[in-house]
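The sequence and structure are displayed first.

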Amino acid sequence: MLTEKLTTRVLWLAEAALLVGAVGASAWLSRAEEWQPLALLLLLLVLALVAERFDFSIRGQHLSASFIALMLTMALLGPAPAVAFGLAAMTLNSAVRRLSPALWLNNLSAYAVFPLAGGLMVRALIGDVHAPKNHHLTQSVTFALVVFGVYMVTLALNFALVAIDVRITEGRSFVGQVRDGFVPLLPGHIALGGFAAILAIAYTNLGLSLLFGSILVLLAFQYLMRALLRSEERADQLEARSIHLASLQLGVLSTLVETLALRDRNAARHAAAVARYARALSERAGCSEVEQDLIHTAGLLHDIGKFALPDRILHAEVLSDEDWAVIRRHPQEGATLVGRLDGYGPVADAILYHHEHVDGSGYPAGLIGNEIPLASRVLAICSIYDTLTARGSYRSPMTPQDAMAELRRVAGRQLDPELVETFIALLEEEGALTAVANGQAEFDAELAFERRARKFAQASVG
């Protein structure tokens, strides 16, 4: 008994030392620019506090969308504001829940240490996010990946700090805590980490307005997360839980396309049109329903890598050789983003190779003929046809007849000649497919969010 009391007191002293040390280090490292802009500072503080007010606990684990607010603070402001916001959020939470002094201490120490560590990791990997020389990094996919990685590391650090306290004060094993309290929540936190990465890069590219609108999205997500995690304890709600997870995955991808559409008005319209053409062509080419769905999904997301392009390139009328080199990276960028979601590997491959040419002159891998995935060959034809015939593209639109002639002209060099003839026969027999007029509305219709989420969920349950 005496040994247990002594161990507990040593734990309290260690947590107090961590708290004081983290606060002191953040104050010493604080820079004036970390507390600007004021609007972003206030928005993230409000988000951290409001989300914390609606927190919930599952299997002894504290869950709140305020983790996203803290991650954004680490990434967009710096370690000192992140520590301050973490302490503010935990003070509110501990006061509302009327926790014991020991739990107050554990919460405050944990929410001082991991924001400090996360902010310093971002600074070490990216540099000073406020420095103009680093703006090209903060607007790239690299920044999004850093945010996601730091989110997962700080999540593990926060769990470890809490688990050590529980192990000493309650005697619960680390293995049991990981099994019961960490692993079940990991899929949701992976999704949250992805969402935080999307919001961070969206802010650096688009500004504060998108973050402001995300408050309601985050709170809605937290509500869905609560329902999802509680369904873990009810086996008869397995399908509903899977639908939530699938919806989240699709939501992350559709949010990326919608964000790209804010910068390029033609993006959503083009994505919907290519998806529609691609499904029709894949069906005519004899693909199975599963293959048709894969190709259709790839059509919706094939240009998602352009999310990383700066506006000066995205809207340029004349491009330099250096600009073209950047543009030619968008298949890899898109495949990297999509491939990180479970079950989207084939879709990512279709996106990666949709600029390959059958004569080997394409990019990124210089594949030849049937080395190029069928889905990629389908996307290439449909993307070129829509670009040639659509209004709002970079050139005056061609007639369908002229566009078909152009497809035939490059068949055998750039495009699969058999698929070109199949596509032209489809257009001639059925007439040009209905033009896509309202970009975002048609993109949403083609996505068929609820149906697709339910289908993916049923597949995962099976």
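Helix α16 (residues 330–339) and α17 pack with their axes 8 Å apart and at an angle of about 175°. Here axes are lines fitted to C-alpha atoms, for helices over the stretch in contact, and angles run from 0 to 180 degrees between N-to-C directions. α16 and α17 are therefore roughly antiparallel to each other; angles over 145 degrees fall in this class, those under 35 count as roughly parallel, 65 to 115 as roughly perpendicular, and the rest as oblique. On the α16 side, P331, Q332, G334, A335, V338 and G339 meet V347, A348, I351 and L352 in α17, where contact means heavy atoms within 4.5 Å. By class, the residues of the contact of α16 with α17 divide into seven nonpolar, three polar and no charged. In this scheme Ala, Val, Leu, Ile, Met, Phe, Trp, Tyr, Cys and Pro count as nonpolar, Asp, Glu, Lys and Arg as charged, and the others, Gly among them, as polar.

The model is predicted: local features need pLDDT of at least 70, side-chain atom pairs count only at pLDDT 80 or more, and totals for chains, interfaces and linings use all residues. Residues are numbered from 1 along each chain as its sequence is written, and side-chain values use heavy atoms, with hydrogens and water left out.

The protein has 22 helices and two strands; helices (H or I, at least four residues) and strands (E, at least two) are DSSP runs, numbered from the N terminus. Of its 462 residues, 50% count as buried, where buried means under 20% relative accessible area, exposed over 50%, and partly exposed in between (1.4 Å probe, protein chains only). Among contacts between residues at least 6 apart in sequence, 72% join residues at least 24 apart.

Helix α3 (residues 66–76) is mostly covered, with 11 of its 11 residues buried. Among them are F67, I68, L70, M71, L72 and M74. The axes of α3 and helix α9 (residues 186–206) come within 10 Å and cross at roughly 40°. The two helices, α3 and α9, are therefore oblique to each other. α3 passes α9 in a right-handed crossing; a crossing is right-handed if the near helix is turned clockwise from the far one by less than a right angle, and left-handed if anticlockwise. I68, M71, L72 and L76 of α3 make the contact with L192, F195, A196, L199, A200, Y203 and T204 of α9. This contact of α3 with α9 has 10 nonpolar, one polar and no charged residues.

A further helix pair is α18 with helix α20 (residues 417–430), packed at an angle of about 50° with axes 10 Å apart. α18 and α20 are therefore oblique to each other, and α18 passes α20 in a right-handed crossing. The contact is made by L374, R377, V378, I381, C382 and Y385 of α18 and L419, V420, F423 and L427 of α20. Its residues divide into nine nonpolar, no polar and one charged.

R408, found in helix α19 (residues 400–410), touches V420, E421 and I424, not counting residues up to four places away in sequence. The C-alpha atoms of R408 and I424, 16 residues apart along the chain, are separated by 8.9 Å. With a relative accessible area of 40%, R408 is partly exposed. A272, by contrast, counts as buried at 0% relative accessibility and is found in helix α12 (residues 266–284). A272 and L300 are 28 residues apart along the chain, and their C-alpha atoms are separated by 5.8 Å.

Most residues other than glycine have a negative phi, and most peptide bonds are trans.

| Site | Backbone value |
|---|---|
| Q36 to P37 | cis, omega near 0° |
| Y363 to P364 | cis, omega near 15° |
| G78 | positive phi, about 155° |
| R98 | positive phi, about 55° |
| G127 | positive phi, near 95° |

P37 is found in the loop between α1 (2–29) and α2 (38–53), and P364 in the loop between α17 (345–352) and α18 (374–389). R98 lies in the loop between α4 (79–97) and α5 and, at 76% relative accessibility, counts as exposed. G127 follows α5. For helix α5 (residues 101–126), the 26 residues should span 38 Å at 1.5 Å a residue, and the end C-alpha atoms are 38 Å apart, which agrees; the expected span is 1.5 Å times one less than the number of residues.
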